[in-house]
Amino acid sequence: MSTLTIKATNSWLILMSLTLLSLAASEWIKNPALMILFVVLALIIKGRSIVDIFMGLNTAPVVWRRLLLSYVIVVPAIVGAVIVWL
């Protein structure tokens with residue numbers, strides 16, 4: 001297998017694991033603020049994986065990579081903060 005195939009497969013496994021972990025956490029975690037924090041962190045990890053591996057932006061110009069990575073971090077953080085404080 002090529003290195004790209006292995007990276008994509010590992011990334012897919014991480015994405016699926018985080019999705020299943022989020023599903024399980026919805027049953028385990030009863031504190032809404034803690035649940036939102038967990039989901040936001042999982043979303044950031046998943047978004048970074050998608051940007052770097054599936055979109056292939058780890059070798060793209062720095063401006064594009066930083067723009068998309070900042071979007072993946074800033075937007076979920078804002079949404080999580082708003083939900084927690086309301």
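Author: A helix here is a DSSP run of H or I with at least four residues, a strand is a DSSP run of E with at least two, and both are numbered from the N terminus. This is a predicted model, in which local features need pLDDT of at least 70 and side-chain atom pairs count only at pLDDT 80 or more, while totals for chains, interfaces and linings use all residues. Residues are numbered from 1 along each chain as its sequence is written, and side-chain values use heavy atoms, with hydrogens and water left out.

Reader: How many helices does the protein have?
Author: Along the sequence the pattern reads α-α-α. There are zero strands, and the number of helices is three.

Reader: Is serine 22 buried or exposed?
Author: Serine 22 sits in helix H1. A residue is buried under 20% relative accessible area, exposed over 50%, and partly exposed in between (1.4 Å probe, protein chains only). The relative accessibility of serine 22 is 17%, so the residue counts as buried.

Reader: Which residues does serine 22 touch, not counting residues up to four places away in sequence?
Author: Contact means heavy atoms within 4.5 Å. With residues up to four places away in sequence set aside, serine 22 touches Met35, Phe38 and Ala42.

Reader: Which residues of H2 are buried?
Author: Helix H1 (3-28) and H3 are among the elements that cover the buried residues of H2. One of those residues is serine 49, which counts as buried because its relative accessibility is 12%. Serine 49 is in contact with Ser11, Leu15 and Phe54, leaving aside neighbours within four places in sequence. The buried residues of H2 are Met35, Val40, Ala42, Ile44, Gly47, Ser49, Val51 and Asp52.

Reader: How far does H3 reach from its first C-alpha to its last?
Author: The expected span of a helix is 1.5 Å times one less than its number of residues. H3 has 24 residues, for which 34 Å is expected, and its reach is close to that, at 34 Å.

Reader: At roughly what angle do the axes of helix H2 and helix H3 cross?
Author: Axes are lines fitted to C-alpha atoms, for helices over the stretch in contact, and angles run from 0 to 180 degrees between N-to-C directions. Angles under 35 degrees count as roughly parallel, over 145 as roughly antiparallel, 65 to 115 as roughly perpendicular and the rest as oblique. H2 and H3 are therefore roughly antiparallel. The axes of H2 (residues 32-54) and H3 (residues 62-85) come within 10 Å, and they cross at roughly 170°.

Reader: How many nonpolar residues does the contact of H2 with H3 have?
Author: Ala, Val, Leu, Ile, Met, Phe, Trp, Tyr, Cys and Pro count as nonpolar, Asp, Glu, Lys and Arg as charged, and the others, Gly among them, as polar. By these classes the contact of H2 with H3 has two polar residues, three charged ones and, as nonpolar residues, 14.

Reader: Which helix do the buried residues of H3 pack against?
Author: Leu69, Val72, Pro76 and Gly80 of H3 are buried. The buried residues of H3 pack against H2.

Reader: How far apart in space are isoleucine 73 and leucine 43, C-alpha to C-alpha?
Author: Isoleucine 73 belongs to helix H3 and is partly exposed, with a relative accessible area of 40%. In sequence, isoleucine 73 and leucine 43 are 30 residues apart, while in space their C-alpha atoms are separated by 8.5 Å.
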